[in-house]
Amino acid sequence: MAKSEENSIEEHKEEIERELEFSAGYRWQHWIRAISIVVLIGTGFYIAVPFISPVQTAQPDNFLYALFRSWHIIFGFILTYVIFYKSFMFLYGQKYQMERDAIKDVFNIKIWKKQIGYYLLVSKHPKLSGVYNPIQFMAYAGFYVMMFFLILTGFILYVHVYHDGLGGFLYSPMRYFEVAFGGLAMVREIHHIAMWGVILFIVGHIYMAIYNAVFGKEGAIDAIFSGMKWHKKH
Ligand code: HEM
């Protein structure tokens, strides 16, 4: 490393400090959820429109559709577990107080205005009470609404595919929701539309993560890998 580069790092060390932003549990649930969603979208598109056919054999036992559906359901269960875990931690986790603190700013019109101004590159980033800004918080709240719709409609569909064990146990309560949603075809439609909601969220989420990393200069994307963010020393 060149001497001048070393000096510059030394200089900055006095101005900035590393702080834990995301715990290990938070980062694990984020990436397990991300992988599950990618698998569910891929297999979900196949369930909606089976775009490849199985190899023809003498024995008609190459059940490709069932294979896609079983992977869909396996990852559906993983996603359900992670969403419930994260929701529980948000409500009761000791280390998640900073997330709950973000609710305060949702009711603060000044923070909303400053945040919009920041995204339009006309004002500074507002000082937040928690880890999320109000726009981000509302986007995540919408994401959870879609997730719960996907889980509920997913389980209604599931009880019609597997009738033993959990499928049998959940059959009666899920039938109630099936009727409330207007029948099985409608449930499938809602499940499908909610997927598009999730796809839109992912596009916005990745765009905003890059935006914040570039303009915030605090290592916003690094934080979801290492857990650490850089802050100016107060
Ligand atoms: C990000 C989450 C999810 C996405 C994007 C997704 C996507 C999809 C899509 C697009 C379909 C096809 C619907 C159609 O016919 O148009 C589908 C079907 C299905 N999904 Fe999901 N899904 C998700 C979560 C879940 C969950 C949590 C479960 C619960 C176990 C689940 C269980 C099912 C079942 C059982 C089917 C129907 C299979 C069949 O008709 O044979 N999904 N999903």
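**Entry 1. The model.** I noted that this model is predicted, that local features need pLDDT of at least 70 and side-chain atom pairs pLDDT 80 or more, and that totals for chains, interfaces and linings use all residues. I number residues from 1 along each chain as its sequence is written. My helices are DSSP runs (H or I, at least four residues), numbered from the N terminus, while strands would be runs of E of at least two.

**Entry 2. Helices α3 and α6.** I looked up helix α3, residues 64–92, and helix α6, residues 134–158. Their axes come within 11 Å and cross at roughly 140 degrees. I take an axis to be a line fitted to C-alpha atoms, for helices over the stretch in contact, with angles from 0 to 180 degrees between N-to-C directions. The two helices are therefore oblique to each other. The crossing of α3 and α6 is left-handed, a term used if the near helix is turned anticlockwise from the far one by less than a right angle, with right-handed used if clockwise. I found I73, G76, T80 and I83 on the α3 side of the contact, and M147, I151, G154 and Y158 on the α6 side. Two residues are in contact if their C-beta atoms, placed from the backbone, lie within 7 Å.

**Entry 3. Helices α6 and α8.** I next followed α6 to helix α8, which spans residues 184–216. The axes of α6 and α8 come within 9 Å and cross at roughly 150 degrees. That makes α6 roughly antiparallel to α8. I noted a left-handed crossing where α6 passes α8. On the α6 side, the residues in contact are A139, F143, M146, F149, L150, T153, G154, I156 and L157. They meet V187, R188, I190, H191, A194, G197, V198, F201 and G204 of α8. I recorded 12 nonpolar, five polar and one charged residues in the contact of α6 with α8.

**Entry 4. Helices α2 and α8.** I then examined α2, residues 24–48. It packs against α8 at an angle of about 140 degrees, with the axes 11 Å apart. α2 and α8 are therefore oblique to each other, and α2 passes α8 in a left-handed crossing. I saw I37, I41, G44 and A48 of α2 meet H192, M195, V198 and I199 of α8. The contact of α2 with α8 has six nonpolar, two polar and no charged residues.

**Entry 5. Nonpolar cores.** Which residues form the largest nonpolar core? I found seven: F155, I156, L157, Y158, V159, M174 and V187. Such a core is a set of buried Ala, Val, Leu, Ile, Met, Phe, Trp, Tyr and Cys residues joined through C-beta atoms within 7 Å. A residue is buried if 20 or more other C-beta atoms lie within 10 Å of its own, exposed if 12 or fewer, and partly exposed in between. Helix α6 gives the most to this core, with four residues. Apart from this core, I found another, of five residues, including I37, L40, F75 and L79.

**Entry 6. Two residues of α2.** I looked up R33, which lies in helix α2. R33 counts as partly exposed because 18 C-beta neighbours lie inside 10 Å. Leaving aside neighbours within four places in sequence, I found R33 in contact with L79 and V82. The C-alpha atoms of R33 and L79 are 46 residues apart along the chain and separated by 5.8 Å. V38 is also found in α2, and V38 is exposed, because 12 other C-beta atoms lie within 10 Å.

**Entry 7. Positive phi.** Most residues other than glycine have a negative phi. I noted L121, which is not a glycine and has a positive phi of about 65 degrees. L121 is in the loop between α5 (109–119) and α6, and is exposed, with 7 other C-beta atoms within 10 Å. K217, also not a glycine, has a positive phi of about 50 degrees. I placed K217 in the loop between α8 and α9 (223–226). K217 is exposed, with 11 other C-beta atoms within 10 Å.

Methods: Parallel < 35°, antiparallel > 145°, perpendicular 65-115°, else oblique. Nonpolar A, V, L, I, M, F, W, Y, C, P; charged D, E, K, R; others polar.
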